[in-house]
Structure formats: structure tokens, C-alpha cells
Amino acid sequence: MTDPATRIVDTPEWRALKAHFEAIRDLHLRMLFAEQPNRGETMNLEVCDLYFDYSKNRLTPETIDLLVALARRAGVEQLRDAMFAGEKINVTEQRAVLHVALRSETNDEILVDGVNVVPEVHVVLNKMSVFCNRVRSGAWTGYTGKRIRNVVNVGIGGSDLGPRMATTALADFSDRSMTFRFVSNVDGTDFFEATRDLDPEETLFIIASKTFTTLETMTNARTARDWALAKLGDEAAVAKHFVAVSTNAAEVAKFGIDTANMFGFWDWVGGRYSYDSAIGLSLMVAIGPDAFRDMLAGFHAMDEHFKTAPIEANLPMILGLIGIWYNNFFGAETLAVLPYSQYLAHLPAYFQQLEMESNGKSVDREGNRVEWQTGAIVWGQPGTNGQHAYYQLIHQGTKLIPCDFIGFAQPNEVVGDHQDLLTANLLAQPEALAFGKTREEVEAEGVPAHQVAARVFEGNHPTNTIMATKLTPNVLGQLIALYEHKVFTQGAVWNINSFDQWGVELGKKLAQNIVPELSAVDESLPAHDSSTNTLIRRYRRLRSS
């Protein structure tokens with residue numbers, strides 16, 4: 001394990017990787033496959049229900065050995081063990097990091113300050129289950145006695161992206177007689193569009209805010225309250241149409257929500273790691289408690305693999321180390337996440353927060369500025385849509401963009417031969433990115449001379465492919481846990497704290513100062529720079545006109 005005083009870039013393991021990179025950096029995947037024709041059979045891992053092919057990467061078995069040695073030197077295993085032991089590895093907030101406890105089994109023991117937190121996790125899960133069964137069965141009714149048919153989750157960040165992503169991903173397992181919407185943006189348009197066709201008498205709002213003071217969430221919550229009471233009239237109706245996911249009982253009660261319908265969670269769960277907690281209440285209403293618990297079992301299975309497998313056979317660690325290879329040695333700055341499933345439409349955005357909020361850091365765990373590149377810029381959308389948008393740049397542009405392809409052998413709903421066509425594209429794109437098309441191959445096709453250069457594909461673009469049989473709650477849990485632990489691995493190697501997010505604070509704080517200045521009637525200048533002052537004055541004029 002690296003001494004904190006020794007920077008990871010100063011270790012023999014980093015220097016060995018650097019020398020190895022210089023030796024193989026120009027090798028083409030065509031050559032690598034020619035020299036090792038069975039790469040596809042050997043460079044893969046199969047864990048739980050996920051098959052991971054990493055053969056189309058610009059690396060050799062020696063690269064993996066060197067990356068494994070780097071992870072071992074960085075102390076990835078020790079930090080992982082400390083996390084599972086409930087140690088306070090979130091060093092700036094002095095908190096444990098225990099999203100793994102959210103999907104623990106009832107007989108597990110995970111201690112925080114000497115207290116086993118697993119029983120209280122299951123108390124909340126059981127409370128959620130009872131509530132969700134009542135809503136789904138119609139036993140819970142609105143204030144006028146009508147059945148709840150619409151659920152609107154009001155949150156932001158992890159309190160929105162997680163349940164939104166998972167509810168869309170598992171739509172095939174949801175109660176199709178119900179409507180599920182999500183409101184996160186303080187832009188009033190978001191609330192308006194989410195509720196414009198809903199009946200307040202049949203609508204339940206889930207307000208997700210740990211402190212119940214988050215500005216955007218509580219602004220939307222108060223708007224939701226006004227919207228509901230405009231028809232329902234009686235303040236007593238709030239208790240039948242609003243529940244809370246929070247830890248602030250006083251504010252919840254002040255809002256008018258019965259604290260018996262408040263579902264808690266803990267400060268050892270970061271927002272972007274929390275949708276498998278009470279933050280996922282809307283998801284549990286959608287898919288039911290049994291499917292939700294099946295999803296948790298998928299999380300747990302990957303957790304156990306991450307906890308016990310050696311680095312060289314540890315899927316999250318290998319995925320994370322491959323990312324470090326491109327980020328820190330090739331200088332790649334982005335990662336494209338490309339799910340070949342429309343159900344996973346929100347997955348790239350979810351991974352965007354997971355990775356960029358976790359590892360978008362420029363100081364190490366000791367507070368020193370890092371001198372190496374950290375978290376990647378994550379982006380993407382489902383295939384095959386992206387193929388008609390930005391794949392042009394990936395194939396023939398000047399940037400190196402590693403890609404993660406994710407697909408399934410069986411569709412959730414069989415529609416003609418669509419799945420075979422979708423999968424053909426899933427398999428063809430990594431092949432095309434790896435091997436491309438040479439000038440000789442283009443010329444042999446009889447392409448006009450003036451087009452030849454433009455139709456050459458250089459190839460040598462790296463990809464991972466993750467395949468499972470079918471998108472189920474259990475498989476979704478495995479997939480999300482895989483990327484959570486991948487992010488952990490990278491943060492551990494970079495010696496950064498992946499579990500705080502101070503970068504979200506400053507802009508929000510300044511916004512609260514600006515709010516009253518936007519409606520000021522005098523011509524006084526706000527205490528900002530000249531650009532911000534000019535924009536405030538212009539906004540005042542445009543708003544008043």
C-alpha cells in the first residue's frame with residue numbers, strides 16, 4: 001500500500017506502467033488480435049449474470065498485470081475492506097461510506113461506531129414495503145377517497161436521477177395502470193409538464209430531501225402543495241397526498257406530512273448511491289416490494305464479488321483499472337456509455353453523476369493538489385440513436401474516446417426481429433471501432449478516388465462490451481453496483497475522496513444571494529463582478545417588460 005507521503009505517480013508500479021505504455025502505445029488492435037487470435041476467449045470475465053469482454057482494448061496481458069500491481073500498491077483492497085467495515089473513509093465529512101449496507105442480507109453485520117446498521121436498514125425496507133403494497137392495492141386512497149393512480153417524485157441530484165433511471169429501466173416490471181413522473185428542475189416548466197394532465201385527487205407526491213431544506217426540492221414541493229390544495233381545498237388533504245423521504249421530522253410535520261409517512265435514511269449514504277434506500281420509494285411503488293428486493297439481491301451479489309475476488313479476477317476493479325489506463329496514460333478525457341436498450345435511456349446521465357460527482361476532484365485525501373488527471377467526462381445515449389449522431393466523431397474524429405457498450409440477448413418485449421437488428425449493431429460497432437477499414441479495403445470497393453481518404457476508418461478505438469441475458473431488477477442491481485465499485489477503485493488509485501461533493505455548493509450558495517437582487521426595484525448595483533451585475537440589470541429590465 002502506498003504511503004500517503006508517496007504520490008502514486010512516484011511509485012515503481014506507475015513508472016513500470018509508463019514504460020510499458022511507451023512500448024505498446026502505437027500497437028494497433030489488428031496486430032494485437034493477429035498475434036493473439038484467441039483474445040476474445042481469454043480477455044473476459046463472467047460475474048453473476050454479466051459477461052464482460054475487454055479484448056478490444058489497447059492492452060496486453062502484461063498491461064493487466066501491471067495495472068493490478070498498481071492497484072495493489074495504491075491499497076485498493078485495504079480501502080475496500082475499510083469501507084465494508086464501516087470505517088469513516090469519507091475523510092472530509094468524517095463519515096462511513098455504506099451504500100453496501102442498503103442491500104445487505106438480514107443476517108449480515110456492518111458496524112458504524114460499534115452499532116450494527118443492518119437491522120435498521122431492514123426496518124425501513126419493511127416499512128416501505130407495507131406502504132407500497134397499500135398504494136398498489138388501492139388500500140391507500142387520496143383525501144376524497146379516490147385511488148392513487150399517479151406518483152410524482154420530487155427531488156434533485158441522486159434523489160431524482162436514481163429512481164428516475166431505475167423506474168424507466170424497469171418499466172416492464174411496473175404497474176402499468178399507474179403513472180410515474182419526476183420533478184427535479186427548479187424551472188417551473190418541469191413541474192408544469194409533469195402535472196398538467198394529472199388529477200390532484202389521484203396523485204401522490206414523494207418529497208425526497210434528507211434535510212427537507214434543499215432549495216430546489218422544497219420550492220417544487222411547495223408548488224406541488226399549492227397545486228394539490230387548489231382543488232382539494234382542505235389542508236388536511238396534504239397528509240393523504242404527500243409522503244417524505246427525509247430525516248428532518250420537524251420540517252416534515254411543519255409541511256403538513258404525517259411523520260408516520262416519513263421514510264428515513266442515513267448520513268453514511270451519499271445521494272448518488274442512494275436509490276436503493278428509501279430514496280427509491282417511487283421505484284418500489286412502481287415495481288413492487290418483491291421486485292425491489294430482487295434488485296437489491298443483484299446489488300448484493302456484485303458487492304460480495306467486489307469484496308472477495310482478487311484484483312485480477314475482480315470485475316469492478318478491472319473495469320476501473322482499464323479506465324485509468326486510458327485516462328492517465330493515453331490522456332483520454334471522456335468515456336462514452338452506450339446502452340443498447342431503450343429502457344436504459346437515463347443510464348448515461350446516472351453514471352455521469354456517479355462518476356463525475358465522485359471523482360471530479362483535484363485534491364487528494366490529505367488535502368494536497370493532485371498532479372494527475374482524475375475523473376472522466378461521462379456521456380452517451382442509447383444505441384442505435386447515437387450511431388446517427390456522435391458515432392461519427394468516435395470513428396473518424398481526432399479524439400480517443402473509450403466506450404462501454406451494454407446489451408442484452410433477450411428483449412423484455414418481443415417485437416418482430418428488432419432484437420436481432422439491435423444486437424447486430426451492438427456487436428458491429430465495437431468491431432468497426434477496433435479494426436476500422438484500411439485505404440486498400442476502401443479502394444478495393446471501387447470508391448471514387450476523391451472519397452477514399454474520407455472513407456478510411458483508422459480503427460484502434462478501445463471498447464468494453466457488457467452483455468447479460470435480459471434486463472431484470474436483479475441484473476440492473478448488478479450493473480449499478482459494478483459501476484459504483486469501478487468508481488471506488490479509480491478514486492482509491494488516485495488517492496481522492498470519492499464520497500464528498502463540495503463542488504456543488506458554491507454556485508447554489510451564490511444563487512440564494514442573487515434571488516432577492518433579481519426583483520429589486522431600486523437601481524442599486526449588486527455586489528458582484530461587472531459581468532454578473534450587467535446580466536442582473538438586463539434580467540430586471542426584460543422581466544419587467
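What is the volume of the largest cavity? The largest cavity has a volume of about 190 Å³. The model is predicted, so to read it: local features need pLDDT of at least 70, side-chain atom pairs count only at pLDDT 80 or more, and totals for chains, interfaces and linings use all residues. A cavity is a set of points, on a 1 Å grid over the protein atoms alone, where a 1.4 Å probe fits but cannot get out. Lining residues have an atom within 4 Å of a point. Grid points are joined across faces, edges and corners, and a volume is the space filled by probe spheres set on the points. By this rule there are two cavities of 30 Å³ or more.

The largest cavity is lined by 22 residues. Closest to its centre are Ile322, Gly323, Leu335, Pro402 and Gln490. Helix α14 has the largest share of the lining, five residues. By class, the lining holds ten nonpolar, eight polar and four charged residues. Here Ala, Val, Leu, Ile, Met, Phe, Trp, Tyr, Cys and Pro count as nonpolar, Asp, Glu, Lys and Arg as charged, and the others, Gly among them, as polar.

The second largest cavity has a volume of about 50 Å³. Its lining consists of Leu102, Val121, Val124, Leu125, Met128, Trp266, Asp276, Ser277 and Ala278. Seven of these are nonpolar, one is polar and one is charged.

Now turn to the open spaces. A pocket is an open set of grid points with protein on both sides within 12 Å along at least five of seven lines. The largest pocket holds about 1000 Å³ of space. Its lining has 38 residues, and Thr214, Gln501, Val504, Glu505 and Lys508 lie nearest its centre. Helices α7 (158–169), α9 (215–232), α15 (347–359) and α21 (505–518) each supply at least two lining residues. The largest share, four residues, comes from α21. The lining divides into 13 nonpolar, 15 polar and ten charged residues.

The second largest pocket holds about 490 Å³. It is lined by 21 residues, and the closest to its centre are Ser341, Gln342, His418, Gln419 and Leu422. Helix α17 (residues 418–435) gives the most to this lining, with five residues. Nine of the lining residues are nonpolar, ten are polar and two are charged.

Helix α17 also holds glutamine 429. Is this residue buried or exposed? Glutamine 429 counts as buried because its relative accessibility is 12%. The cut-offs are under 20% relative accessible area for buried and over 50% for exposed, with partly exposed in between (1.4 Å probe, protein chains only). Glutamine 429 touches Tyr340, Gln387, Tyr391, His395 and Phe405, leaving aside residues up to four places away in sequence. Contact here means heavy atoms within 4.5 Å. Valine 414 is 15 residues from glutamine 429 in sequence, and their C-alpha atoms are 23 Å apart in space.

Next come the helix pairs. Two packed helices are described by the angle between their axes and the distance between the axes. Axes are lines fitted to C-alpha atoms, for helices over the stretch in contact, and angles run from 0 to 180 degrees between N-to-C directions. The axes of α5 (residues 76–84) and α13 (residues 289–308) come within 9 Å and cross at roughly 135°. That makes α5 oblique to α13. Angles under 35 degrees count as roughly parallel, over 145 as roughly antiparallel, 65 to 115 as roughly perpendicular and the rest as oblique. At this contact, Arg80, Met83 and Phe84 in α5 meet Asp303, Phe306, Lys307 and Thr308 in α13. The contact residues divide into three nonpolar, one polar and three charged.

Helix α13 also packs with α14. Their axes come within 8 Å and cross at roughly 75°. That makes α13 roughly perpendicular to α14. Met302, His305 and Phe306 in α13 meet Leu315, Pro316 and Met317 in α14. Five of the residues in this contact are nonpolar, one is polar and none is charged.

Finish in helix α20, at threonine 489. Threonine 489 counts as buried, because its relative accessibility is 0%. It touches Val76, Phe306, Pro316, Met317 and Leu321, not counting residues up to four places away in sequence.

Key. Residues numbered from 1 in each chain as written. Heavy atoms only, no water.
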